[in-house]
Amino acid sequence: NAGVMQNPRHLVRRRGQEARLRCSPMKGHSHVYWYRQLPEEGLKFMVYLQKENIIDESGMPKERFSAEFPKEGPSILRIQQVVRGDSAAYFCASSSRTSGGAYNEQFFGPGTRLTVL
Amino acid sequence: GQQLNQSPQSMFIQEGEDVSMNCTSSSIFNTWLWYKQDPGEGPVLLIALYKAGELTSNGRLTAQFGITRKDSFLNISASIPSDVGIYFCAGQPGTSGSRLTFGEGTQLTVNP
């Protein structure tokens, strides 16, 4: 059973370009979370999605960032017109359908390291 | 927003020594978690705590959920070289389906 898959593992973009980060959750998981990690810092929550729905986007920057989790295919985190400050590691996590009461572990992918030149 | 203060920021110890790190929060969490992150990888869950006062072990690791719901600690006994990495605490306001708030991490170095 494959874990959470993220691609690409490394992405280099020039300022002003677009970055697309993909996340395939673990089999059977319908909840996806995106986190950003700056060097030598902890992970910061960005957005929580279920299939075709954004549940909590309170951690997303108001401009240039968007996320989707379509009915078919991976979740996509899209960053338009990237700036140097967007350079970071972006992690995706997935969990199974909530059943109320019990903790559903968030399993993390290996991350995408974005470098903006 | 919620913040977690994790200490110490880094630790340099000899193999065989015990290690202790802790997290405090300005607000209450209903779930406390401890993760380990190796270079170039995502965090891996070590221990999850669900009840105030709960003490849970996983091999050489022991963690406790503080009575006030605003703190947690992680102990590692008899450290070994493969314990090297960054340890993060994380809090979750609910039990599932919600964001994790992470501490800033403790970088552990174990000298053989």
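## A tour of chains A and B

Start by selecting chain A: among its contacts between residues at least 6 apart in sequence, 53% join residues at least 24 apart, where contact means heavy atoms within 4.5 Å. Before going further, know that this is a predicted model, in which local features need pLDDT of at least 70, side-chain atom pairs count only at pLDDT 80 or more, and totals for chains, interfaces and linings use all residues. Residues are numbered from 1 along each chain as its sequence is written, chains are lettered from A and ligands numbered from 1 in the order in which they are written, and side-chain values use heavy atoms, leaving out hydrogens and water.

**Stop 1: chain A as a whole**

Switch to a cartoon view. You'll find zero helices and eleven strands in chain A; helices (H or I, at least four residues) and strands (E, at least two) are DSSP runs, numbered from the N terminus. The radius of gyration of chain A, taken over C-alpha atoms, is 14 Å, close to the 13 Å that the globule rule (2.2 Å times the number of residues to the power 0.38) gives for 117 residues, so chain A is as compact as a globular protein of that length. Along the principal axes, its C-alpha atoms fill a box of roughly 45 × 25 × 25 Å.

Of the 117 residues in chain A, 44% are buried, meaning under 20% relative accessible area, while exposed is over 50% and partly exposed lies in between (1.4 Å probe, protein chains only).

**Stop 2: inside chain A**

Which residues touch the most other members of the largest nonpolar core? Select Trp34(A), Met46(A), Leu77(A) and Tyr90(A), out of 23 residues in that core. β3 (19-24), β4 (31-37), β5 (43-50), β7 (65-68), β8 (75-79), β9 (88-95) and β11 (112-116) of chain A each supply at least two of its residues. Such a core is a set of buried Ala, Val, Leu, Ile, Met, Phe, Trp, Tyr and Cys residues joined through side-chain atoms within 4.5 Å.

Zoom in on Leu77(A). Not counting residues up to four places away in sequence, its partners include Ala19(A), Leu21(A), Trp34(A), Met46(A), Met60(A) and Tyr90(A). Apart from this core lies another, of 21 residues, among them Trp34(B), Ile47(B), Leu61(B) and Cys89(B).

**Stop 3: a loop in chain A**

Next, pick Glu52(A), in the loop between β5 and β6 (53-56) of chain A. Is Glu52(A) buried or exposed? Glu52(A) counts as exposed, because its relative accessibility is 57%. Leaving aside neighbours within four places in sequence, Glu52(A) is in contact with Phe69(A), Pro70(A) and Lys71(A). Try the distance tool on Glu52(A) and Lys71(A): C-alpha to C-alpha they are 5.8 Å apart, though 19 residues separate them in sequence.

**Stop 4: over to chain B**

Finally, select chain B, again with zero helices and eleven strands. Its radius of gyration is 13 Å, which agrees with the value near 13 Å for a compact globule of 112 residues. The C-alpha trace of chain B spans about 40 × 30 × 20 Å along its principal axes. Of those 112 residues, 45% count as buried. The accessible surface of chain B comes to about 5000 Å², and 52% of that belongs to carbon and sulfur atoms.

How values were computed. Areas by Shrake-Rupley, 256 points an atom, 1.4 Å probe, with all protein chains shown as cover.
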